[in-house]
Amino acid sequence: MNPVVLAVDDLREQYLREMALVRQTCERTGDGTAAIRRRSTVVDRILIEMWRRAFADLPAQNACLLALGGYGRKDLFPYSDIDVLFAFADDKTEASCKEAVRSIIQGMWDIGLRASPASRTVKEAGRFDPDNLEFTLATLDRRFLAGQFNLYQHLHQVTLPGLVLSEWNTITQKLGEIARGRHAKFGNTIFHLEPNLKDCPGGLRDYHLAVWFALLFHLKETKEWPRQRGGVFQSARGDAEAAFDFLAAARCFLHFRHGRDDNILDWQSQDEAAALSIGLETRGTADPSYWMRTYYRHARVIYRRAALLMEHLPAPVSFYRQFRRRRTPIAGTDFILDQGRIDIQPGAQFNDTTVILRIFSLMATHGYTLSQAAEDRIADALPVLAIRIPEGPYLWNALREVLLGPHAAHALRTMHALGVLEMLIPEFHGIDALVIRDSYHRYTVDEHTFLAIDNVHGLRQPTHDFEQRLSQILPEIDRLDLFLLSLLLHDIGKARRTGEHAIQSVELADSFLARLDFDAEERETVLKLIRLHLDMSQALRRDIFDQDNVRTFAEKVSSPQLLKMLTLMTFADIKAVNPDALTPWKAENLWQLYMATANHLDRSVDETRYHAAIDPTLLNRIRSMVPPAQADALKQFLEGLPQRYLQTRLPEQIRNHFLMALNLDSDPVQLDLRPSRQLFDLTVITKDRTRLFADVAGALAAWGMNIVRAGAFSNDAGIIVDSFHFTDVFRTIELNPGEKERFVANLHDVVAQRASVEQLLAARSHARHAGSLKVEVTTRLEFDNESSTHSTLLQVVAQDVPGLLREIALVFSEHQCNIEVALIDTEGETAIDVFYLTREGAKLSDDVQNALARDLAQALESIRMPAGA
């Protein structure tokens, strides 16, 4: 058979012309759903014409062309693949049509259509391939395009429903497994800084997952396909359809923006989508945070619906479960418990809010979930339920039972999604899907709140060593209910976006507490926790072993009971910011600050610096680890070291540092580099000199190392013990083990002033520039002469860029400032560094502070902007 070559130049011009109109209309109206429907129609006409041309010179063939998948649904996004099926009555027909089919596929590519074709005989289409579930799913969304309609009817009415019904359990179970695997890949959360609109939880795949499940359940129940595919999946409030329309508009925007099938909603795309109000009912320019808030609301709707349908899947039946009672009425209600899922009686009517709250209490206590029918009925009944909201002690008792349950966050999320939580606490509505748009805060404010509550209940089964210690505090809290209520309300003030949110949260919480009829003591406990919920985090940014810092914090807390609650609140709050926010180091510092403050409240306060004459205990302990001849040298080494250094290191580590100091006569630079979890721990011991801290920081930056924390300490003899914890961003040491020796030798030469830091840094000046930054961080310098009796505190908040720490230390050196303690921390792209500074042994004068601030601002601006910018 001679090859068939289709002339498609006219069709290509037609397609390009039509797609230009599709894009113009979409950009003018913002209607993504209409755009994908129109592209489907355009492609329909082209493929039908190509079929006609390809088969024009052939005798009638028992074959047909079907649209599958997204194309079959008429959800054909601007740069999506075109899924088609060439169906044949038998092998002989397929062979006779081979060249015609090949010409159509080639013609599709020539026109600019990304063809994704499949060919099946009727017999092959009726076989299930467990390793190719995607093809079976694609056939669920099928449409007839061209060829023999009778053949399509046979596939539609006999072959495909027979296949799906015979393999129904396998298909649904594997579909659920694939979806769970995809969700796990994205951390089982809709909250991502740069979400994938197609594959992320709450994305378009989840919408279609819900449609597929609804269609499969309908087919199993009725043994036939629904007459209208869309009619099988209609959400009670139209929220799922609205969510699809928003995602469709956003995905069309991404496709047109990038000119390809790109579904990543990156930071810049979010800015542009907000500026164009993509997917919003009102045109004009929207704030990016508001636009992402809308995205998360829609994603939450889709994710919940998909999750509920997956939970509805029948589990494998065991011998024991065959004899269990399947449906148990919940006494005094119209609800039924069915294997961990709460359903509602058909035709049930309810107008008693207390009954609904009891259901949520059961969910919080046992982890039950609501069926989709129960959720829809509760949401529909909200106007009636709102008339009879319990007040005072009745409302508090119902809310208290939910908060104290081990699955409280799960119950609260459900209440929030259905509008029940806002009905009871209108003040909570302001933080619904509220976005804090930076690279540090992963979750919306409402989800952050639920995670914080989950973190507290998670301490009942701690998974980390630091959680094990914090879990000891949990049973010591007298009023856990008030503590959890404080967590629920601690961030509601962020909705106002003006002033300090802790103060705003107190005002809003106070109005709610008034409706609960709390007594003065209960009210003050909750309000004080909310008022102070940031103070322990702020104290962690200071030297936690500084007596003045501990004293100031203890004066604010005032009671051991409040300290315990505030410690757990800080733990839960930080951990709920993002999965990596609470590092073991931060957790350790939190515990140390808790212990130091508890000791202060018990009238046992440590000295700032170590003196053997005052406390010989440590000296005697380490003395037992060294030869007697070194006892005097050990005493001299320890004398004057900050308590912070001594209390954050094991006695064995202090002994090793002492032994390193003994070798300074033979080598004036002593270095120790060790891996520590995902970090490297570098210790530098040498005689004090100017620019020492700056030179080490610069050498690390030159090697591409990212300093995440550092400490600078010295004793009375002028011996420096500096520590740097850093990550190997480019895995230089891991991938090139031989480089470790060169790295250490290079550091040694820099500290010994035999190598130039400036030359090392010059080679990396191109490594990062402003264009790669997601968030612009405004530089802030804050001096504090009150928190410490012997040092001036300087907090530097700036863009985290290579060489930052060195530039800061260089300015200190130029102004003859000595770093007593350095506390280095990073949150996303924000560096938050705190330095305890002295000059000639005293605090910094106002003139020195002003000069230092001026020169620091200039230095930080110079490294923030690339050369030639």
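I take buried to mean under 20% relative accessible area, exposed over 50%, and partly exposed in between, with a 1.4 Å probe and protein chains only. By that cut-off, 55% of the 869 residues of the protein chain count as buried.

**Entry 1: ground rules**

The model is predicted, and I ask for pLDDT of at least 70 for local features and 80 or more for side-chain atom pairs, while totals for chains, interfaces and linings use all residues. I number residues from 1 along each chain as its sequence is written, and side-chain values use heavy atoms, with hydrogens and water left out.

**Entry 2: the whole chain**

I looked up the overall extent. The C-alpha atoms of the protein chain fill a box of roughly 105 × 70 × 55 Å along the principal axes. The chain exposes about 38500 Å², of which carbon and sulfur atoms supply 49%. Accessible areas come from the Shrake-Rupley method with a 1.4 Å probe, and for residues only the protein chains shown count as cover.

I then listed the secondary structure, which comes to 38 helices and 16 strands. Helices (H or I, at least four residues) and strands (E, at least two) are DSSP runs, numbered from the N terminus.

For contacts I used heavy atoms within 4.5 Å. Among contacts between residues at least 6 apart in sequence, 71% join residues at least 24 apart.

**Entry 3: aromatic rings**

I paired rings of Phe, Tyr and Trp (its six-membered ring) if their centres lie within 6.5 Å; planes under 30 degrees apart count as stacked, over 60 as edge-to-face and the rest as tilted. The count comes to 21 aromatic pairs. One of them is F191 with Y443, an edge-to-face pair at 5.7 Å centre to centre with 75° between the planes. This pair links distant parts of the chain, 252 residues apart: F191 is in the loop between α9 (168-185) and α10 (204-222), and Y443 is in the loop between α19 (420-424) and α20 (445-458). I find F191 buried at a relative accessible area of 7%, and Y443 buried at 14%.

**Entry 4: charges over rings**

I call a charge "over a ring" if NZ of Lys or CZ of Arg is within 6 Å of the ring centre and within 35 degrees of the ring normal. The charged end of K220 sits over the ring of W168, 4.1 Å from its centre. For R437, the charged end sits over the ring of W267, 4.4 Å from the centre.

**Entry 5: salt bridges**

My rule is a side-chain nitrogen of Lys or Arg within 4 Å of a carboxyl oxygen of Asp or Glu. This gives 48 salt bridges.

I checked E18 with R45, where the closest N and O atoms are 3.3 Å apart. E18 lies in helix α1 (residues 9-29) and R45 in helix α2 (residues 32-54), 27 residues apart. E18 counts as buried at 17% relative accessibility, whereas R45 counts as partly exposed at 40%.

Next I checked R413 with E447, whose closest N and O atoms are 3.0 Å apart. R413 is in helix α18 (residues 408-418) and E447 in helix α20, so this pair ties together parts that are 34 residues apart in sequence. R413 is partly exposed at 23%, while E447 is buried at 13%.

For E758 with R806, the closest N and O atoms are 2.5 Å apart. E758 is in helix α36 (residues 757-762) and R806 in helix α37 (residues 804-814), 48 residues apart. Here E758 is partly exposed at 42%, and R806 is buried at 4%. I also found D10, E49, R52 and R53 joined into one network by salt bridges that share partners.

**Entry 6: helix α14**

Helix α14 (residues 353-366) has 14 residues and reaches 20 Å from its first C-alpha to its last, close to the 20 Å expected. The expected span is 1.5 Å times one less than the number of residues. Its buried residues include V355, L357, F360 and M363. After α14 comes G367, with a positive phi near 80°.
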